[in-house]
Amino acid sequence: MKIVLARIDDRLIHGQVATVWAKVTGCERIIVCDDDVAADTIRATLLKQVAPPGIKSSVVSVDKAIRVYNNPKYENDKCLLLFTNPTSVLRMVEGGVDIKSVNVGGMSFKEGKRQITNAVSVDDKDVESFKKLSEKGIEIEFRKVDTDKRVNLMEIIK
């Protein structure tokens, strides 16, 4: 599998992903990698239906995403990986998935989280996962769309 973008955006497949990131990356497949979303059949079905025309979409658990990554059947697929949180990204990396950069587009504000940008809110678990990813040499950059200036999210978290 060729990962063309790993993105954290808890809205998952929406306008920015469907109209901007899918085109910019030239992805052939969008894979939502999230245990809770994969277990929610209604949400998973809706997400599979909103992928841009001509782009395959899947909604799978993190463990299944790791298996798919290692399956030779998909070795030439250009994939955009979507996550709702950095903990799932960390699990993928620890499972052997070669992610070099993570684009953070949006993590909504909820009870127990603090807002660090206009579109990103984190809790202690998120911060810890971001730090571990960064320690592994993985770039953590914040941009809503491709034309936005890259911002190193780790400089904001510190």
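A crossing of two helices is called left-handed if the near helix is turned anticlockwise from the far one by less than a right angle, and right-handed if clockwise. With that in hand, on to the model, which is a predicted one.

I'll start with the left-handed case, which is H5 passing H6. Here H5 and helix H6, residues 124-135, pack at an angle of about 35°, and their axes are 8 Å apart. On the H5 side, the residues in contact are Pro 86, Thr 87, Val 89, Leu 90 and Val 93. They meet Lys 125, Asp 126, Ser 129, Phe 130, Lys 132 and Leu 133 of H6. Sorted by class, that contact has 6 nonpolar, 2 polar and 3 charged residues.

Now the other partner of H5. Helix H4 covers residues 62-70 and H5 covers residues 86-94; they pack at about 40°, with axes 10 Å apart. From H4, Val 62, Asp 63, Ala 65 and Ile 66 take part, and they meet Ser 88, Arg 91 and Met 92 of H5. That contact comes to 4 nonpolar, 1 polar and 2 charged residues.

Last, the pocket. What is the volume of the largest pocket? About 160 Å³. Its lining includes the aspartates Asp 10, Asp 34, Asp 36 and Asp 126, along with Arg 43, Lys 110 and Lys 113. Also in the lining are Val 37, Thr 84, Asn 85, Met 107 and Ser 108. By class, the lining divides into 7 charged, 3 polar and 2 nonpolar residues. Asp 126 has come up already: this pocket-lining residue is also among those of H6 that meet H5.

Notes. Residues numbered from 1 in each chain as written. Predicted model: local features only at pLDDT ≥ 70, side-chain atom pairs only at ≥ 80, totals over all residues. Heavy atoms only, no water. Axes fitted to C-alpha atoms, helices over the stretch in contact; angles between N-to-C directions. Helix = DSSP H or I, 4+ residues; strand = E, 2+ residues; numbered from the N terminus. Contact = heavy atoms within 4.5 Å. Nonpolar A, V, L, I, M, F, W, Y, C, P; charged D, E, K, R; others polar. 1 Å grid on protein atoms, 1.4 Å probe; cavity = no way out; pocket = protein on both sides within 12 Å on 5 of 7 lines; lining within 4 Å. Points joined across faces, edges and corners; volume = space filled by probe spheres on them.
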